[in-house]
Amino acid sequence: MNLPNSLEAQILTLQQEGEKAISSANTLESLEELRINYLGKKGKMAGVLRSMGQLSAEERPKIGSIANLAKETLQAFIDRQRQTLETNKIKAQIESETLDVTMPGIFRPQGKIHPINGMIDRALDIFIGMGYTVASGPEIETDYYNFEALNTPLDHPARDMQDTFYLPDGNLLRTHTSSVQIRYMETEEPPIRVVAPGRVYRRDNIDSTHAVVFHQLELLAIDEGLTFGDLKGTIKVFLQAIFGDLPIRFRASYFPFTEPSAEVDLQWNGRWLEVMGCGMVHPNMLKAVGYDQDIYTGFAAGFGIERFAMVLHQLDDIRRVYASDLRFLKQF
Ligand code: 2U9
């Protein structure tokens, strides 16, 4: 066997095999494995060169330089492949992390205040300006707070007009926010100036002006020496702030919780339009919460938010404000 020749062949074969493997390495980790495998101290090339000890003194430098050339070539292959893989890695990273500032943004439509809430906000602003506090209470009420405490006992005819939804436990969905004022009076002492906006319920036949769920705002003032004149002045200031300086009139009416009671009409486009109810707080109401009727008097008023919104925005059907139709809502 010709040892130098066979050693030279082994070196060249190993070099070719290594070149091929290195060129097809597709990760930096596998490339490093190949380097250790071929050029490491315990690698394939070192293994082949171990038999160089058997060579003659003349042959050794010749095979030595062939081996060095093979190692340098493999190292050059490794360096080039490493460069390629590193460049590819950076390219992929740039591609995945690039922010395209010319791309159209994510469209977030801007919401608006619903016409009902807008109406409530406007009314509250005016009453807060007159020194009133805003109060709220439960929509599920007891018979006591919705009717009894408001001078409307079980056999009272006014119950017919305020039929509502009853729960199995005997509670009901409130028919007005007046129960909020009763609760407020129970915890506060006069002088009282309070407004209660909120959702109320009635058993009603739905049409363009009636809904089974609607919104009300009621106000209540209790103090020493309040008169019907104070009530008229308060309502006039409020209606003028909302509708402008239009004629208003008070028409005698009836509510169980006020005495005397009145409807308030507004002259709107040449026609008298009923817009509110009001009156002096019935003494039974003061009694129900333990206020001294000889010292205190009070006035109260209430109106339907939807009705105000319909008049102001010239709406033809109350159901539009509950329909969530963007074509309608976008107009406000
Ligand atoms: C207490 C004492 C008195 C509240 C009042 C009205 C008149 C009234 C209706 C108008 C149309 C509601 O939306 S509507 O159906 N309201 O006419 N409300 S006086 O009187 C009270 C409330 C609480 C303790």
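Student: How far is the polar side-chain atom of E218 from a nitrogen atom of the ligand?
Tutor: The distance is 3.4 Å. That is a polar contact, meaning a pair of N or O atoms within 3.5 Å; within protein, one must be able to donate a hydrogen and the other to accept it, and residues adjacent in sequence count only if both atoms are side-chain atoms. This is a predicted model, where local features need pLDDT of at least 70 and side-chain atom pairs count only at pLDDT 80 or more, while totals for chains, interfaces and linings use all residues. Residues are numbered from 1 along each chain as its sequence is written, and side-chain values use heavy atoms, leaving out hydrogens and water.

Student: What lies 3.3 Å from an oxygen atom of the ligand on G304?
Tutor: A backbone N or O atom of G304. The side chain of Q216 also has an N or O atom 3.3 Å from a ligand oxygen.

Student: How much of the ligand does the protein bury?
Tutor: The protein buries 89% of the 560 Å² that the ligand exposes when taken alone. Accessible areas come from the Shrake-Rupley method with a 1.4 Å probe, and for residues only the protein chains shown count as cover.

Student: Which strand holds Q216?
Tutor: Strand β5. Strands (E, at least two residues) and helices (H or I, at least four) are DSSP runs, numbered from the N terminus.

Student: What is the strand order in the sheet?
Tutor: It is an open sheet of seven strands in the order β1-β4-β5-β9-β8-β7-β6, with mixed pairing. Two strands pair if DSSP finds at least two bridges between them. The edge strands, β1 (133-134) and β6 (248-255), each pair on one side only.

Student: How many bridges join β7 to β8?
Tutor: Nine, between residues 258-268 and 271-281, and the two strands run antiparallel. D265 has E274 in β8 as its bridge partner.

Student: New topic: which residues of α11 are buried?
Tutor: In α11 (residues 305-313) they are I305, E306, F308, A309, M310 and V311. After α11 comes Q314, with a positive phi near 55 degrees.

Note on methods
Buried < 20%, exposed > 50% of the residue type's maximum accessible area, 1.4 Å probe, protein only.
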